[in-house]
Amino acid sequence: MTDVSSTSSLLAVDDRTRRRNAAEKRFRVYGVIAIVLAMLALAGLMTSILTNGLSAFKQTFVTLEVYLDPAKLDKDGSGDLEKIRKVSTFGYAPLIRNTLQTHLDAPNMAVDDLSAKDAVKMISNESAAEMRRFVLANPDMIGETVSFKFLASGRVDGYYKGRVTMESAERDSNISPQQLMFADKLKDAGLLETSFNWGFLTRADASENRPEAAGLGVAILGSLYMMAVVLCLTLPIGVAASIYLEEFAPKNWFTDIVEVNISNLAAVPSIVFGILGLAIFINFAGLPQSAPIVGGLVLTLMTLPTIIISTRASLKAVPPSIRDAALGVGASKMQAVFHHVLPLAAPGILTGTIIGLAQALGETAPLLLIGMVAFVREFPGAPPEGLFDPAAALPVQVYNWTQRADPAFAERASGAIIVLLVFLLFMNAIAIILRRRFERRW
Amino acid sequence: MYDAPILGDTVDQKTTKISARDVQVYYGDTHAIKDVNVDIDSKTVTAFIGPSGCGKSTFLRCINRMNDTIDVCRVVGDIKIDGEDIYDKRVDPVQLRAKVGMVFQKPNPFPKSIYDNIAYGPRIHGLAKNKADLDVIVEKSLRRGAIWDEVKDRLDAPGTGLSGGQQQRLCIARAVATEPEVLLMDEPCSALDPIATAQVEELIDELRNQFSVVIVTHSMQQAARVSQKTAFFHLGNLVEYGDTSQIFTNPLDERTQNYITGRIG
Amino acid sequence: MSAGLVILAVVAIATVGFFVGRAKSLSSAGGDIRQLHSLPSYYGQATFLFAAVPALLVTFAWLILQPMFVASQISGMIVSGDIVEGASRTLVMADVRRIANGLDVAVTAGKLSETGIEKLNTASTDVRALLAGVGVAVASDVQQNILAAAKEFRTLTSTLRIAMAVVAIALSVLGLVVALTRIKPEYRARNVSEQAVKALLILSSLVAILTTVGIIASLVFETLHFFQLYPAKDFFFNLTWNPQFTGGSDLGFIPLLWGTLYVSFVALVFAVPIGLFVAVYLSEYATNRVRSIVKPAVEILAGIPTIVYGLFALITVGPLLRDYFAQPLGLGQSSSSVLTAGIVMGIMLIPFVSSLSDDVINAVPQAMRDGSYGLGATQSETVKQVILPAALPGIVGAILLAASRAIGETMIVVMGAGAAAKLSLNPLEAMTTITVKIVSQLTGDTEFASPETLVAFALGLSLFVITLGLNVLALYIVRKYREQYE
């Protein structure tokens, strides 16, 4: 039993060691595989969102010269705004049809079996409303020919994004191959073009059958309102609570309860906060549904534990010697904290707050329960009253769009995700810069 | 079986176990060990002494290639054990470390039972054919570690529950369980109280019968008590190497003299 | 006078108090700041607090209590005949409030005058049409005594509002005067102001407790309400989930729990090995370069909102699994399935598991590793036999936290798992979870007081209890583990 190994040379690797080294190599490979899988998941996620969503930032527009026919818009020629207002959007549709008819009549433009009436369907339903808004704003333009850049319908737009093909159009009641051929001719004539879609960022949501007009304006504004509420509430409350717990709280059962409570709250599923919001803020306190104020309050309660935890970490990172120094020159405990500790911890607190805000910005589930899924077309008013108006929120808008049948909304949903991710990236970048710039090692 | 704890020259048939030639160690840009040449005898306790940061621990960790686990560390030169270059490409550090055991500054038992602590090495190196075999190895190692009597009734208790001195002897027992030929000890008593230190020193003296022991120590008294050979390191250089009695009574180098008399260190 | 204006007025009075108090303290010390106990601005702060805090507290209490008081007064005016079959008193009260609000809107729109309202009579005017004209929709024609209740509601509310304004402002002024009379050089203004600030700090830290109380109260209250309408035994032991709008629903919890646990299990099966190996590789093997790339990338996964994962499940993973696995194998036709939701949730949990495990693995002291290497163990042997066993409690805690997260996750399952409650083993079938049903029951059009809606609260309470249990257990284990190495 003695000195088994001394007989063997170090230079020769024995069988057992060879086996062990093989096991070592296998283990390493498992690790690499795990990392590759995780990276592939990230890449897959990003590719999926980008390939589906980037096209939402492009939109097909049709530029048409429309003759604003006084016979239709201002029958008695009085120019009376009240009378012009009486003409509904239905009164404007024929004007577009007229223009399209002239294009169809032009040489080489005609498409068999395509009437101007069918061709109008290639233009978004939104267009008539757009023209009406223009005319009401500029009544003196009646009788003139004005060039409009109309949104093409979702299907025509989809044709240029590869979502709709001639074959699928055969089976589609909303689009026909003839319409697509005409669209190609319009494109050749330079009347139809694809360009950057600012409307996606600025317009309000649109109804089920006009995906081309749907935008994120209300959702972005709603999210901004909610973030403002969250920031205004979590920062002071979170910092105050952290200062108390970290600097003043005596070590007793009550403090223990608060601490355990905070760490547990941080792990409560977000949807439970939605239920809380519904029961307390809406049913009990009677605040309006879908309002950014309620969303903000719910997200505040949800983010507060996270912010308290990160703020306490920043406070804890300030060495006790600073407090001792301040107390040593006769400052009160409160002065030591507010004059010395808090300023030193501020960058860390801000970083934590921004990261907490970013989390709140992407949160969806609780907002569903407080009615933010509602279809909102109107922009909320200016704060503070606007906080009580119905609004959407970015992540909820995404969910909303995925629930709709038209595949064009799937593209919009992915596009909205990109917008959301850009916001998050921006916030996290600020947090990282803050941390890099002000991080202090003691 | 008991050797009288007499210094130096009672050990007969000294053969060179480890020989180091022109060893340089770099930590990143720092040149930590410079031109070290030393021959360490078998069945001898060799002490490395010197002020903090002189490189004695670093050199010790070269002998079983523990420095391989540090990314920035680079070793140049030859270290041979029984004439075989341990930095040869064909040498597997895993096999080497079974042959060259190590005991660390702070006792570091694994958070496992006493039995599993000892059995860990034999298990990974496949030294036992069956459970009975392993039991024998564990008992033998614990006896060699002079801790058997204290723990034989609670082999299933966690090793972390022992006192500091017991933990260190457990770690020594753990190191000898793989039947090494060389035992490296990196300040094994620095975290222990005087009584535990005395026990460990006694144990080291016994271990000399079977192993070459290389011990790094801060305490000159300890070096004088346990070792037969002493090497004095200073600023990464091996200043002087010789019989312990000679180093402590009649050092050749002025720096050794200064260190021993307490003028540097 | 609106509540906002009252608050503004109080703050204005208090601000004036700040400056007056500061000035007075200086003059009381004859302009010599050294004669004062505290800095002048502390005297200002103390005055500010005296003027603002009591008045504001009364205002907030008033705002909360007034609706309750008014409701109890008005409630008596509603006779049982007004309550339509199937509706409840609260619904009628909501109508009263809406009509009263509508009358306000009509007044501001100039369609009604105050005297007009007094003369308003359901016999002579179509109140419903009148309100619709100003954009306030009322469900049914307005009864005479409900209109009377609404009028009473308006008068009572406005009287109380005025009373509130008077009381608040009077209190504020009173506080101001009291504070100013107390200003003398030896007055310990700093201590007063600091006590007040401390009270504010304590109050803030109570928000977290209040949140928990609010959560538990709202869940328990509505759940009890639900169990009055639907037997608790059936909820917990009925094996079918089949809500009907017409009543007579089966609201069994078991199928939802099964779906939840199944999806979470699949998610953990993906996330735990991958997350653990990522953590081990990053902390034990990876070079700095690899770590500096992989770690942030994994953190990105952690920062992505769950709605993004939900969309990924819906438009990519779901169709992929359906077209390449479910349909060829004949195991299902649906793109939403347990596997879809499970895989995507697994991806979401990878960074969660890996960062928590990374922490616990790094907490294992380097001495353990050295001891193992010193005995000639390879790195993988060290990881498997020393590090992981040493870190095991921490890793178990991490997995429990991940499980709690998986169980409470909503968006991924809403968009990826499906809506059909089923007790099935086939992972390629659509199943549903507790959270999905909470969303669908609370966003539907059913009446709030029906069992079909209230069941969401019972589901919420179950979810809360399960996740809370897991969290408490996990935090306990992790804490024990930390103590081991401290």
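**Exercise 1. Work out how many helices and strands chain B has, and how its radius of gyration compares with the globule rule.**

Start with the count: ten helices and ten strands make up the secondary structure of chain B. (Helices are DSSP runs of H or I with at least four residues, strands are E runs of at least two, and both are numbered from the N terminus.) Next, the radius of gyration of chain B is 18 Å, close to the 18 Å from the globule rule for 265 residues, so chain B is as compact as a globular protein of that length. (The radius is taken over C-alpha atoms, and the rule is 2.2 Å times the number of residues to the power 0.38.) Along the principal axes, the C-alpha atoms of chain B fill a box of roughly 55 × 40 × 35 Å.

Housekeeping: this is a predicted model, where local features need pLDDT of at least 70, side-chain atom pairs count only at pLDDT 80 or more, and totals for chains, interfaces and linings use all residues. Residues are numbered from 1 along each chain as its sequence is written, while chains are lettered from A and ligands numbered from 1 in the order in which they are written.

**Exercise 2. Describe the contact between chains A and C.**

First, the tally: 69 residues of chain A are in contact with 66 residues of chain C. (Contact puts C-beta atoms, placed from the backbone, within 7 Å.) Then look for the top contributor on the chain A side: helix H1 (residues 15–53) of chain A, with 20 residues. Finally, sort that side by class: 50 nonpolar, 15 polar and four charged residues. (Ala, Val, Leu, Ile, Met, Phe, Trp, Tyr, Cys and Pro are nonpolar, Asp, Glu, Lys and Arg charged, and the others, Gly among them, polar.)

**Exercise 3. Find how H14(A) and H16(A) are oriented to each other.**

Take the angle: helix H14 (residues 292–317) of chain A and helix H16 (residues 333–362) of chain A pack at about 150°, with axes 8 Å apart. (Axes are lines fitted to C-alpha atoms over the stretch in contact, and angles run from 0 to 180 degrees between N-to-C directions.) H14(A) and H16(A) are therefore roughly antiparallel, a label for angles over 145 degrees. Now the residues: those in contact between H14(A) and H16(A) split into nine nonpolar, ten polar and no charged. Among them, A:Leu299 and A:Met302 sit on the H14(A) side, with A:Gly348 and A:Gly352 on the H16(A) side.

How values were computed
Two residues are in contact if their C-beta atoms, placed from the backbone, lie within 7 Å. Angles under 35 degrees count as roughly parallel, over 145 as roughly antiparallel, 65 to 115 as roughly perpendicular and the rest as oblique.
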